[in-house]
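Here's a quick briefing to read with the model open beside you. Have a look at the fold, then work through the points below.

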Amino acid sequence: MVNNMEQFYRADAEQSVIGGVMLNANSDKALTALEMLNPSDFYLRQHQQIWKAIRQLFSANYQIDIVTVADQLERDEADHDIRFSYLGEISKNTPSQSNVHVYAKIVKDHAKLRNALSSLFDACEAIHDKTANPTDRINTALSVVAGIGADDAQDELKDPSDVAM
């Protein structure tokens with residue numbers, strides 16, 4: 001099995017949530033997105049940096065728009081491939097600001113899947129750890145797997161023993 005995280009993200013959803021917030025950060029739906037998402041929920045590094053800048057502006061009660069985000073990115077010394085024109089393209093290509101909360105949920109759901117997959121890879125590594133005895137290897141793997149979704153209690157994840165195989 002190949003570690004292919006790329007299938008667990010949607011660039012269009014990431015761009016649309018960023019664009020939607022830059023277009024109107026004061027809407028209830030944008031506020032929902034700002035509360036729901038962390039920079040680490042974004043797959044692409046440049047989107048992580050943009051969201052970090054947006055969150056910094058939000059926390060400081062500054063207006064959020066293309067100019068203020070670009071300025072914050074410059075202060076943060078973010079990657080130079082994030083240009084003002086890229087922020088403009090994101091805003092221009094945002095399908096609908098009124099759906100920003102939906103785009104945020106898509107981004108969050110894909111982040112959850114990436115995190116779960118990463119934990120499963122960690123569990124596999126624990127099983128393959130020849131320096132530990134078999135019982136410790138199994139217990140470590142089970143502990144890692146049990147932690148999947150631990151931060152998502154509100155999403156009503158099922159106990160593994162309740163899921164039929």
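A residue counts as buried when its relative accessible area is under 20%, and as exposed when that figure is over 50%. Keep that cut-off in mind, because Ser91 comes in at 8% and is therefore buried. One caveat before going on: this is a predicted model.

**The chain as a whole**

- The chain has seven helices and zero strands, so you can read the pattern along the sequence as α-α-α-α-α-α-α.
- The chain runs to 165 residues, and 34% of them count as buried.
- Take the contacts between residues at least 6 apart in sequence: 66% of them join residues at least 24 apart.

**How α1 sits against α3**

- Helix α1 covers residues 11–23, and its axis comes within 11 Å of the α3 axis, crossing at roughly 20°.
- Angles under 35 degrees count as roughly parallel, and that makes α1 roughly parallel to α3.
- The crossing of these two helices, α1 and α3, is left-handed.
- On the α1 side, the contact uses Ala11, Glu14, Gln15, Val17, Ile18, Val21 and Met22, and they meet His47, Ile50, Trp51 and Ile54 in α3.
- By class, the α1 and α3 contact residues come out as eight nonpolar, two polar and one charged.

**How α2 sits against α3**

- Helix α2 (residues 28–36) and helix α3 (residues 45–59) have axes that come within 11 Å and cross at roughly 110°.
- The α2 and α3 crossing is left-handed.
- From α2, the contact draws on Leu31, Ala33 and Leu34, while α3 supplies Trp51, Ile54, Arg55 and Phe58.
- That set of α2 and α3 residues splits into six nonpolar, no polar and one charged.

**How α3 sits against α4**

- Helix α4 spans residues 66–75, and the axes of α3 and α4 come within 9 Å, crossing at roughly 105°.
- So α3 and α4 are also a roughly perpendicular pair.
- Here α3 brings Gln49, Ile50, Ala53, Ile54, Gln56 and Leu57 up against Thr68, Val69, Gln72, Leu73 and Arg75 of α4.
- Sorted by class, the α3 and α4 contact has six nonpolar, four polar and one charged residues.

- Ser91 is part of helix α5, which runs over residues 84–92.
- Which residues does Ser91 touch, not counting those up to four places away in sequence? They are Gly19, Met22, Leu23 and Ile66.
- Leu87 is in helix α5 too, and its relative accessible area is 0%, so Leu87 is buried.
- Not counting residues up to four places away in sequence, Leu87 touches Met22, Ile50, Ile66, Val69, Ala70, Leu73 and Ile82.
- Leu87 and Val69 sit 18 residues apart in sequence, and their C-alpha atoms are 8.4 Å apart in space.

- Asp41 belongs to the loop between α2 and α3.
- Is Asp41 buried or exposed? At 5% relative accessibility, Asp41 counts as buried.
- Leaving aside neighbours within four places in sequence, Asp41 is in contact with Glu14, Met36, Val107, Lys108, Ala111 and Arg114.
- Arg114 is 73 residues from Asp41 along the chain, yet their C-alpha atoms are separated by 9.2 Å.
- Asn61 is found in the loop between α3 and α4, and at 71% relative accessibility Asn61 counts as exposed.
- Most residues other than glycine have a negative phi. Asn61, which isn't a glycine, has a positive phi, near 60°.

Key:
Residues numbered from 1 in each chain as written. Predicted model: local features only at pLDDT ≥ 70, side-chain atom pairs only at ≥ 80, totals over all residues. Heavy atoms only, no water. Axes fitted to C-alpha atoms, helices over the stretch in contact; angles between N-to-C directions. Helix = DSSP H or I, 4+ residues; strand = E, 2+ residues; numbered from the N terminus. Left-handed = near helix turned anticlockwise from the far one by under 90°. Contact = heavy atoms within 4.5 Å. Nonpolar A, V, L, I, M, F, W, Y, C, P; charged D, E, K, R; others polar. Buried < 20%, exposed > 50% of the residue type's maximum accessible area, 1.4 Å probe, protein only. Parallel < 35°, antiparallel > 145°, perpendicular 65-115°, else oblique.
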